[in-house]
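Biologist: I would like to learn how to read a model like this one. Where do we begin?

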Amino acid sequence: MATPTSATTAARDSLARTETESLPGLVGRLGDDVMQLFDTKLSLLKVEIKEDVNAYITGGVAIGMGGIVAAVGLALLNVAVAFAVSTLFADTELSQGAKYALGFVVTGLFYLIVGGIIILAMKNRLAKRDLVPNRTVEELRKDKQWLKNEL
């Protein structure tokens, strides 16, 4: 006579335990499984929020850098305007100061344009990001539907 292997014995014991388990035991196990499911969903939500926060921090830093570049451009533009205004009251011939002012205007405008482009690009990139953690919301909807069907 053949003796049953340990795998088939374990499967038979598990089946017997499930058949003899009481209703409160099954409900308790269901509750534990549901809690484990929600713990997993909460972990997913934390990961998605962390990803979104990192994206916003990166975008915020880039916007800040663009703001600094634009501030440098504004400072240069203001110095250039001061030089230009001071040359308006001088002789009408172009002096060395007027040449400096023209250089500051061109440089200042360049920095303002570059800084503005950086700020707009990062603002548009952040505007495209969705604040709702879509994967978690979808999983919670599936779980809600599953619980409705099971109960």
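The dialogue goes from the whole chain to two residues.

Modeller: Keep in mind that this is a predicted model.

Biologist: How many helices and strands does the protein chain have?

Modeller: There are four helices and zero strands, and the order along the sequence reads α-α-α-α.

Biologist: What share of the residues counts as buried?

Modeller: The protein chain has 151 residues, and 14% of them count as buried. Its accessible surface is about 11,500 Å², with 67% belonging to carbon and sulfur atoms.

Biologist: And how do I read contacts along the sequence?

Modeller: Take the contacts between residues at least 6 apart in sequence; 86% of these join residues at least 24 apart.

Biologist: Where is L140 placed, and is it buried or partly exposed?

Modeller: L140 lies in helix α4, which covers residues 134-150. Buried means under 20% relative accessible area and exposed means over 50%, with partly exposed in between. L140 has 36% relative accessibility, so it counts as partly exposed.

Biologist: Which residues does L140 touch, leaving out those up to four places away in sequence?

Modeller: L140 touches F38 and K41. As for L37, it is 103 residues from L140 along the chain, yet their C-alpha atoms are separated by 9.8 Å.

Biologist: Why does D143 count as buried?

Modeller: D143 is also found in helix α4. Its relative accessible area is 8%, and therefore D143 is buried, because the cut-off is under 20%.

Notes
Residues numbered from 1 in each chain as written. Predicted model: local features only at pLDDT ≥ 70, side-chain atom pairs only at ≥ 80, totals over all residues. Heavy atoms only, no water. Helix = DSSP H or I, 4+ residues; strand = E, 2+ residues; numbered from the N terminus. Buried < 20%, exposed > 50% of the residue type's maximum accessible area, 1.4 Å probe, protein only. Contact = heavy atoms within 4.5 Å. Areas by Shrake-Rupley, 256 points an atom, 1.4 Å probe, with all protein chains shown as cover.
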